[in-house]
Amino acid sequence: MAPAAGDLAEQLLVAISPEHLQLALTHRSFAYENGGIAHNERLEFLGDSILGQAVTVMLYTEYPDLPEGELAKRRASLVSSVALAEIARGIGLGKHIRLGHGEELTGGRDKSSILADTVEAVIGAAYIDAGGEAATALVLRLIAPLLTDPGRFGVAMDPKTSLQELTAKLGRGAPSYVVTESGPDHSKSFQADVVLAGEHIASGHGSSKKHAEMAAALDAWAILQAGAN
């Protein structure tokens, strides 16, 4: 395992073996270009389940007065590709991912779908090596930044609406989205560009048009919010 991945293991504060961490960081594009070696999708499947359970229990425990519908909305926002990609960017996960040449050339290290899937794979690896309690603790550490910033949490729940509200507040008009797609039918990827009064503000990537627009809206919101402060 590369030293950089070792640094990531220390940052995560959980005992993941070098072999399982490397597997969690191996995207299928890298695997296919290197003789069909194992990739992270099985760990991603496992991590998705651990993530959902940990977030559900946390919300149920920490927000005893919230009705079921509101709990469901918050859970959906915290386990969404947009939120997980934001978490991944916060810990610099993208630079550690093993990508195929094609994904590397098309900005795969910052694609929300790839980042989100890798976060889930890392959680799965933590469960395999350190057990359920440690994996749950990792999930809670990863989502903590969203929970401690109410404004950011609200944006992650509905970034397109939050961006529209912010642009109206700033007197910038309504944002529009230009979406392009690439890749074969069985593995399409989408890029959304946020345009405001003819000016390109931010881009986002995802495995669907919706996810790409949400990722772009979140980035655009962060850029405009920073400029307004």
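Reader: What makes H8 largely enclosed by the rest of the structure?
Author: Of the 19 residues of H8, 14 are buried, so the helix is largely enclosed by the rest of the structure. Buried means under 20% relative accessible area, exposed means over 50%, and partly exposed is in between, with a 1.4 Å probe and protein chains only. Before we go on, please keep in mind that this is a predicted model, where local features need pLDDT of at least 70, side-chain atom pairs count only at pLDDT 80 or more, and totals for chains, interfaces and linings use all residues. Residues are numbered from 1 along each chain as its sequence is written, and side-chain values use heavy atoms, with hydrogens and water left out.

Reader: What counts as a helix or a strand here?
Author: Both are DSSP runs numbered from the N terminus: helices are H or I with at least four residues, strands are E with at least two. On that basis the protein has 12 helices and 3 strands.

Reader: Why is Ala-135 called buried?
Author: Its relative accessible area is 0%, so Ala-135 is buried. This residue belongs to helix H9 (residues 132-148). Setting aside neighbours within four places in sequence, Ala-135 is in contact (heavy atoms within 4.5 Å) with Ile-50, Ile-123, Ala-126 and Tyr-127. Leu-51 is 84 residues away from Ala-135 in sequence, yet their C-alpha atoms are 8.5 Å apart.

Reader: And why is Ala-72 called partly exposed?
Author: Ala-72 has a relative accessible area of 27%, so partly exposed is the label. Its place is in helix H5 (residues 68-78).

Reader: What makes the phi of Leu-13 worth a remark?
Author: Most residues other than glycine have a negative phi. Leu-13 is not a glycine, but its phi is positive, about 60°. Leu-13 sits in the loop between helix H1 (3-12) and helix H2 (18-24), and at 63% relative accessibility it counts as exposed. Ala-197 also has a positive phi, near 50°. Ala-197 lies in the loop between strand S2 (189-196) and strand S3 (199-206), and its 75% relative accessibility makes it exposed.

Reader: How do you know that the charged end of Arg-74 sits over the ring of Tyr-63?
Author: The rule asks for NZ of Lys or CZ of Arg within 6 Å of the ring centre and within 35 degrees of the ring normal. The charged end of Arg-74 is 5.0 Å from the centre of the Tyr-63 ring. Lys-160 lies over the face of Tyr-177, 4.7 Å from the ring centre.
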